[in-house]
Amino acid sequence: MEQPPGGRLVSSLLLGPRGCEVTLEREPGLLRWRDPQPPRRGRSSGGENVVPASEIIAVEETEIDKKQCDSGKWQKMSKPHAFTESRPKQLLVYINPYGGKRQGKRIYEQKVAPLFHLASISTDVVITEHANHAKDNLFEVNIYKYDGIVCVGGDGMFSEVMHGLIGRIQKDSGIDQNNPKTPLAQCSIRIGIIPAGSTDCICYATVGIVDPETSALHIIVGDCQPLDVSSIHHNNTFLKYSVSLLGYGFYGDILRDSEKKRWMGPARYDFSGFKTFLSHQYYEGTVSFQPAKGTVGSPRDKESCRTGCRICRQTKQLEEQQKNYGLEHKEVEDEWKVIKGKFLAINAVNMSCACPRSPKGLSPAAHLADGSADLILVRKCSRFNFLRYLVRHTNQDDQFDFPFVDVYRVKRFQFMSKQLEDNESDIKDVGKKRFGQFCSDHPACCCNLANSTWNCDGETLDSSAVEVKVRCQLVKLFARGIENYKDETAYNSSSNELLS
Ligand SMILES: CCCCCCCCCCCCC/C=C/[C@@H](O)[C@H](CO)NC(=O)CCCCCCCCCCCCCCC
Ligand SMILES: Nc1ncnc2c1ncn2[C@@H]1O[C@H](COP(=O)(O)OP(=O)(O)OP(=O)(O)O)[C@@H](O)[C@H]1O
Ligand SMILES: [Ca+2]
């Protein structure tokens with residue numbers, strides 16, 4: 001390449017048989033070239049292609065210009081894959097061969113491994129043989145020699161890997177996860193998700209699409225997206241972490257029913273969803289929460305969390321300022337709001353939970369990394385109204401604009417079912433232990449006194465009573481959030497293309 005004044009390198013690029021001029025600008029590091037063919041009608045970019053150098057996957061030398069090469073003008077790159085420092089070089093990969101449509105192994109081998117190879121990334125691959133294989137393995141291996149952990153599977157598989165990684169880091173830092181008040185050690189090793197599950201909402205809500213190649217490219221270029229994690233405890237015992245949906249009632253019941261139908265694959269959720277919708281079960285209990293005062297946004301905002309989100313950045317800055325002034329424990333004194341009622345669904349989401357089934361998700365304005373969760377309370381209502389509420393997850397109408405739906409942005413919350421409250425207040429009265437019974441006052445009504453279960457990122461929880469606290473940006477993903485359409489037009493569609 002020749003270097004004219006102005007920090008711009010100019011060279012010629014062969015695209016098939018045609019040549020064109022290509023320039024590389026030092027600042028901001030953009031590679032530009034014009035299509036050799038005249039632009040087609042309606043193409044806004046006018047045939048110009050722009051690729052940030054940081055997004056070039058690999059460069060290979062070809063012997064097309066032997067003379068120039070011999071004359072010493074060409075220099076061999078010692079590390080052809082080293083475009084930026086944040087790119088991973090060594091990855092540990094876990095594949096769940098039974099997630100989703102059981103395509104995990106094929107997806108990895110055919111779509112992902114060749115890209116990793118092209119980008120000179122070395123991998124250790126573990127194909128899991130049973131549930132918790134990946135989680136247990138993360139406590140045994142030397143995780144510190146890897147630049148990232150990749151999971152090939154769905155939300156449940158991500159959850160397993162995340163539990164392994166967070167648990168391992170806490171163990172190595174001497175932190176007891178059972179203490180709900182202890183600050184947790186952040187995980188600097190990033191997690192990559194290659195979607196091969198049934199819902200894949202963590203992938204969809206952090207990348208904007210469920211596509212294994214796109215996710216592989218985010219891993220290769222070393223993108224980094226911090227993610228809030230909720231820790232769930234009961235009676236000073238750690239239960240689980242959650243990053244997407246922690247749902248009681250409707251989504252808990254769907255999960256409980258669908259687990260028996262894993263053989264159906266992703267369709268099990270529609271089957272169990274329909275069945276659960278018809279059962280129209282509501283649950284009584286008390287929800288207490290601390291509203292998120294430090295965050296800048298609200299769940300009713302029209303704007304969603306996007307790449308480089310201002311709200312996530314501001315909240316993190318605020319948290320750091322509070323830490324510097326020694327105010328990080330102030331939330332302990334913050335007021336608790338208490339709501340008793342009959343609920344069809346109690347959903348706490350750390351992110352929008354957008355997924356192919358619901359492209360805007362359960363809470364469209366929830367943020368990936370603002371240190372808060374959106375708590376959605378759907379009170380007892382008619383079947384017809386609940387259907388109207390569900391349908392709004394699939395169209396542009398506001399799903400919170402119903403008198404029976406409330407949404408709050410929270411940092412912590414607790415839930416206890418009425419049944420447990422009754423048992424706790426009169427524990428000696430054996431007659432009051434009504435597990436699994438139906439309401440004796442109204443035998444024909446659907447007032448089931450049995451508990452629902454919590455759906456925690458697609459896994460069931462053992463306790464119906466929970467204490468939940470959001471841990472701001474506890475983990476990091478190889479992702480960059482959903483890109484704004486406006487930003488995307490800055491580069492044309494080739495921004496993710498491989499150059500070789
Ligand atoms: C009429 C159409 C209404 C469609 C309403 C669609 C709402 C979909 C909302 C999806 C939210 C996903 C939240 C993510 C949860 C994940 O952490 C978890 C693990 O992967 N997935 C599930 O629990 C899996 C949850 C799967 C939920 C499927 C719900 C299907 C409901 C069907 C109701 C049918 C009523 C029809 C009446 C005629
Ligand atoms: N080899 C295996 N055999 C059985 N279960 C496994 C195996 N490997 C992992 N698992 C478990 O399978 C569960 C579900 O997997 P996964 O999340 O990949 O698929 P899914 O449930 O179909 O998708 P989604 O979570 O997106 O709805 C995970 O919780 C994981 O612990
Ligand atoms: Ca959040």
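Me: Where does UniProt place the feature "domain: DAGKc", and what does the chain look like over residues 86-236?

Reply: According to the UniProt record, which is an unreviewed entry, the feature "domain: DAGKc" is at residues 86-236. In this predicted model, the chain over residues 86-236 is 36% helix and 23% strand, with the end C-alpha atoms 38 Å apart. The protein as a whole has twelve helices and 18 strands, and buried residues make up 39% of its 500 residues.

Me: Why are helix 2 and helix 6 called roughly parallel to each other?

Reply: Helix 2 (residues 104-118) and helix 6 (residues 212-220) pack at an angle of about 30 degrees, and their axes are 10 Å apart. Angles under 35 degrees count as roughly parallel, and helix 2 and helix 6 are therefore given that description. Their crossing is right-handed. On the side of helix 2 the contact is made by I107, K111, V112, L115 and F116, and on the side of helix 6 by P212, E213, A216, L217 and I220. Sorted by class, the contact of helix 2 with helix 6 has eight nonpolar and two charged residues, and no polar ones.

Me: What makes helix 7 and helix 8 oblique to each other?

Reply: The angle at which helix 7 (residues 250-259) and helix 8 (residues 267-279) pack is about 125 degrees, with their axes 8 Å apart. Roughly perpendicular covers 65 to 115 degrees and roughly antiparallel begins over 145, with the rest, apart from angles under 35, counted as oblique; helix 7 and helix 8 are therefore oblique to each other. The crossing of helix 7 and helix 8 is right-handed. Helix 7 contributes F250, D253, I254, D257 and S258 to the contact, while helix 8 contributes R268, Y269, S272, G273, K275 and T276. The residues of this contact of helix 7 with helix 8 divide into three nonpolar, four polar and four charged.

Me: How do you know that helix 7 is largely enclosed by the rest of the structure?

Reply: Seven of the ten residues of helix 7 are buried, so the helix is described as largely enclosed by the rest of the structure. The buried residues are F250, Y251, G252, D253, I254, L255 and S258. What covers them includes strand 11 (245-249), helix 8, strand 13 (337-349), strand 16 (454-456) and strand 17 (459-460).

Me: Why is D200 counted as buried, and what is its phi?

Reply: A residue is buried if 20 or more other C-beta atoms lie within 10 Å of its own, and D200, with 27 C-beta neighbours inside 10 Å, therefore counts as buried. D200 lies in the loop between strand 8 (190-195) and helix 5 (201-207). Its phi is near 50 degrees, a positive value in a residue other than glycine. Most residues other than glycine have a negative phi.

Me: What makes C353 buried, and where is C353 found?

Reply: C353 has 29 C-beta neighbours inside 10 Å and therefore counts as buried, the cut-off being 20 or more. C353 is found in the loop between strand 13 and strand 14 (373-379), and it has a positive phi of about 65 degrees although it is not a glycine.

Me: Why is T307 called partly exposed, and how is R18 classed?

Reply: T307 has 15 C-beta neighbours inside 10 Å, a count that lies in between the limit of 12 or fewer for exposed and 20 or more for buried, and T307 therefore counts as partly exposed. The place of T307 is in the loop between strand 12 (283-291) and helix 9 (310-324). R18, which is found in strand 2 (residues 18-25), has 10 other C-beta atoms within 10 Å and is therefore exposed. R18 and C456 are 438 residues apart in sequence and 54 Å apart in space, C-alpha to C-alpha.

Me: How do you know that R412 counts as buried, and which residues does R412 touch?

Reply: R412 lies in strand 15 (residues 405-417), and with 22 C-beta neighbours inside 10 Å it counts as buried, since a residue is buried at 20 or more. Not counting residues up to four places away in sequence, R412 touches F289, Q290, V468 and K469. The C-alpha atoms of R412 and A292 are separated by 8.2 Å, although these residues are 120 residues apart along the chain.

Definitions and conventions
Residues are numbered from 1 along each chain as its sequence is written. Chains are lettered from A and ligands numbered from 1 in the order in which they are written. This is a predicted model: local features need pLDDT of at least 70, side-chain atom pairs count only at pLDDT 80 or more; totals for chains, interfaces and linings use all residues. Axes are lines fitted to C-alpha atoms, for helices over the stretch in contact, and angles run from 0 to 180 degrees between N-to-C directions. Helices (H or I, at least four residues) and strands (E, at least two) are DSSP runs, numbered from the N terminus. A crossing is left-handed if the near helix is turned anticlockwise from the far one by less than a right angle, and right-handed if clockwise. Two residues are in contact if their C-beta atoms, placed from the backbone, lie within 7 Å. Ala, Val, Leu, Ile, Met, Phe, Trp, Tyr, Cys and Pro count as nonpolar, Asp, Glu, Lys and Arg as charged, and the others, Gly among them, as polar. UniProt positions are given in the numbering used here, feature names are shortened, and annotations may be inferred rather than shown by experiment.
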